[in-house]
Amino acid sequence: VLLSGVEHCNITGNTFDNISGNNLVFYPNSQNRGSSFNHINSNTFLNPVFKISETADESLIMMGYSGYNYMHNNNIIENNILDGANFIKLGIGFIGHGDNNVFRKNKISNCLSYGIVSYESQVVGNTMKNNQIIDNEIRNIGQIGYKKNS
């Protein structure tokens with residue numbers, strides 16, 4: 001599901017299974033408008049099959065990325081179940097631009113790098129404000145097995 005510069009969308013009660021790509025992604029539209037006032041609630045994400053590279057930010061839910069002059073505002077992501085199946089790196093990636101977004105009561109497990117990661121864009125600073133990560137259950141995160149760096 002791609003949310004590109006949309007407002008007041010409600011994505012509730014869906015199952016995302018065996019998806020090759022970010023399952024749900026927020027990007028700015030062609031006029032650099034972010035997505036605002038959307039509610040992502042009570043969805044299940046499982047069996048991901050998305051892998052770009054060792055250093056990419058593959059995630060079940062991705063909000064934003066690099067770019068200029070946009071913000072994702074006042075979105076709520078809550079009560080979702082995200083299982084990375086020890087395959088995907090991030091449960092929720094919130095990268096780049098956002099103000100007053102809430103990530104609440106999600107259950108995130110079996111991701112290789114992070115349950116939730118949030119950081120500003122490498123392109124522009126001071127683009128993350130007033131965001132809240134509240135009462136999430138995050139477990140079994142990190143690389144499994146033996147990995148040799150070459």
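User: Which residues does asparagine 43 touch, not counting residues up to four places away in sequence?

Analyst: This is a predicted model, in which local features need pLDDT of at least 70 and side-chain atom pairs count only at pLDDT 80 or more, while totals for chains, interfaces and linings use all residues. Residues are numbered from 1 along each chain as its sequence is written, and side-chain values use heavy atoms, with hydrogens and water left out. Contact means heavy atoms within 4.5 Å. On that basis, asparagine 43 touches Ile11, Thr12, Gly13, Asn14, Phe16, Asn79, Asn80 and Ile81.

User: Is asparagine 43 buried or exposed?

Analyst: Asparagine 43 is found in the loop between β5 (39–41) and β6 (44–46); strands are DSSP runs of E of at least two residues, and helices runs of H or I of at least four, numbered from the N terminus. Buried denotes under 20% relative accessible area, exposed over 50%, and partly exposed the range in between, with a 1.4 Å probe and protein chains only. Because its relative accessible area is 0%, asparagine 43 is buried.

User: Which residues touch the most other members of the largest nonpolar core?

Analyst: A nonpolar core is a set of buried Ala, Val, Leu, Ile, Met, Phe, Trp, Tyr and Cys residues joined through side-chain atoms within 4.5 Å. The largest such core has 21 residues, and those touching the most other members are Leu24, Ile77 and Ile92.

User: Which element gives the largest share of this core?

Analyst: The elements that give two or more residues to the core are β4 (24–27), β7 (59–63) and β11 (90–96). The largest share, 3 residues, comes from β7.

User: Which are the edge strands of the open sheet of 5 strands?

Analyst: Two strands pair if DSSP finds at least two bridges between them. The strand order in this open sheet is β3-β6-β10-β14-β18, with parallel pairing. Strands that pair on one side only are the edges, here β3 (15–17) and β18 (137–139).

User: What is the bridge partner of leucine 82 in β14?

Analyst: Strand β10 (residues 81–83) runs parallel to strand β14 (residues 107–109), and 3 bridges join them. Within β14, leucine 82 has as its bridge partner isoleucine 108.

User: How many disulfides does a search of the whole structure find?

Analyst: A disulfide is taken as a pair of cysteine sulfur atoms within 2.5 Å. Cysteine 9 is partly exposed, at 27% relative accessible area, whereas cysteine 111 is buried, at 0%. Across the whole structure, the number of disulfides found is 0.
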